[in-house]
Amino acid sequence: MLALIGGTGFDRPGIIEDPEEIDMETPYGRPSAPLIFGRLGSRPIVFLRRHGVHHEYAPHRVPYRANIWALQRAGVEGIIGVATVGGIGEALLPGDLMVPDQLIDYTWGRECTYYDSPDAGVKHIDFTMPFDQALSSLLISAARRLGKTIVADGVYACTQGPRLETAAEVARYARDGANVIGMTAYPECALARELELPYAAICPIVNSAAGLRESKHAIRFEALKDAADRAAKGAVDVVEEAVRILDVRA
């Protein structure tokens, strides 16, 4: 059983069939929203609204530890994180999709490990490849089967938020080698690795990052909603196709 963490797109009526919401408690507090158990196609799925039922959690306030812990307790075997991003690279335009294979963390102060007390001890995880390669390959194959434009690798820069970045910061991230900018993939992927849960991300690109192309002088928020809706639909289609591929393989 896979888990989906996201928001826009998957919460539309009819996407997840036979939904049942279940509240959970964890040693790290309550998750950002009740877990939704249901089916995507013919396969069981668990969906978690990352930012809460009413989008009340800013990226730096999401209860990431509770979210990942709750999904493990639910018995999921892997997690797909849907995370909207701004594009840096020339080939990354609004409406495109990317499955990153690398990450640079620019956040601070987030609760990013389960091993942060003497009682918990110390655990060092290998994080050379922060995203699960098999699950990422599944998403890439699904997108290609649908004929969708998808970038099959790239570097995700995770920033603190909730504000968007300055043009100078975006230029710095580009020099560092980043291809897209988001605010939520970390610490999700690291916490999943600590709990030995495969984690992959699919990133709908909703705008060019600050200082670039249509965002050269400002980010136009009024234009983001339509782009986000289109990109989110593309991500939903890819995840649904990935589930169909798993059905064939089963």
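Predicted model: local features only at pLDDT ≥ 70, side-chain atom pairs only at ≥ 80, totals over all residues.
Student: Which element gives the most residues to the lining of the largest pocket?

Tutor: The largest pocket holds about 960 Å³ of space, and it is lined by 36 residues, of which H51, H55, T84, V206 and A228 lie nearest its centre. Two or more lining residues come from each of strand 6 (85-87), strand 11 (180-182), strand 12 (199-208) and helix 5 (221-249). With six residues, the element that gives the most to this lining is helix 5.

Student: Which element supplies the largest share of the largest nonpolar core?

Tutor: The largest nonpolar core has 38 residues, and those that touch the most other members are L35, I68, L71, V76, I79 and Y156. At least two residues of this core come from each of strand 1 (2-6), strand 3 (35-40), strand 4, helix 1 (64-73), strand 10 (155-158), helix 4 (185-194) and strand 12. The largest share, six residues, belongs to helix 4.

Student: Which residues are in contact with L35, leaving aside its neighbours within four places in sequence?

Tutor: L35 is one of the residues that touch the most other members of the largest nonpolar core. Once neighbours within four places in sequence are set aside, the residues in contact with L35 are E20, E21, I22, M24, V46, F47, L48, A70, L71 and A74.

Student: How many residues make up the second, separate core?

Tutor: Apart from the core that contains L35, there is a second, separate core, which includes L139, I140, I150 and I245. The number of residues in this second core is 29.

Student: Why is helix 1 described as largely enclosed by the rest of the structure, and which elements do its buried residues pack against?

Tutor: Helix 1 is largely enclosed because seven of its ten residues are buried, and these are Y64, R65, A66, N67, I68, A70 and L71. Just after helix 1, G75 takes a positive phi of about 90°. The elements against which the buried residues of helix 1 pack are strand 1, strand 3, strand 4, strand 5 (78-82) and helix 4.

Student: How many disulfides are counted, and why is C189 not bonded to the cysteine with the closest sulfur?

Tutor: The sulfur of C112 lies 11 Å from the closest cysteine sulfur, in C189, and this is too far for a bond. C189 is buried, with a relative accessible area of 1%, whereas C112 is partly exposed at 28% relative accessibility. The closest cysteine sulfur to that of C189 is in C158, and because the separation is 7.8 Å, it is too far for a bond. The count of disulfides is zero.

Student: Is S136 buried or exposed?

Tutor: S136 lies in helix 2, and, not counting residues up to four places away in sequence, it touches V99, P100, F131 and A200. Its relative accessible area is 8%, which is under the 20% cut-off, so S136 is classed as buried.

Student: What distance separates the C-alpha atoms of D101 and A174?

Tutor: D101 is in the loop between strand 7 (97-98) and strand 8 (102-105), where it counts as partly exposed at 27% relative accessibility. Not counting residues up to four places away in sequence, D101 touches M129, P130, F131, D153 and G154. A174 is 73 residues from D101 along the chain, and their C-alpha atoms are separated by 16 Å.

Conventions
Residues numbered from 1 in each chain as written. Heavy atoms only, no water. 1 Å grid on protein atoms, 1.4 Å probe; cavity = no way out; pocket = protein on both sides within 12 Å on 5 of 7 lines; lining within 4 Å. Points joined across faces, edges and corners; volume = space filled by probe spheres on them. Helix = DSSP H or I, 4+ residues; strand = E, 2+ residues; numbered from the N terminus. Core = buried A, V, L, I, M, F, W, Y, C linked by side-chain atoms within 4.5 Å. Buried < 20%, exposed > 50% of the residue type's maximum accessible area, 1.4 Å probe, protein only. Contact = heavy atoms within 4.5 Å. Disulfide = S-S within 2.5 Å.
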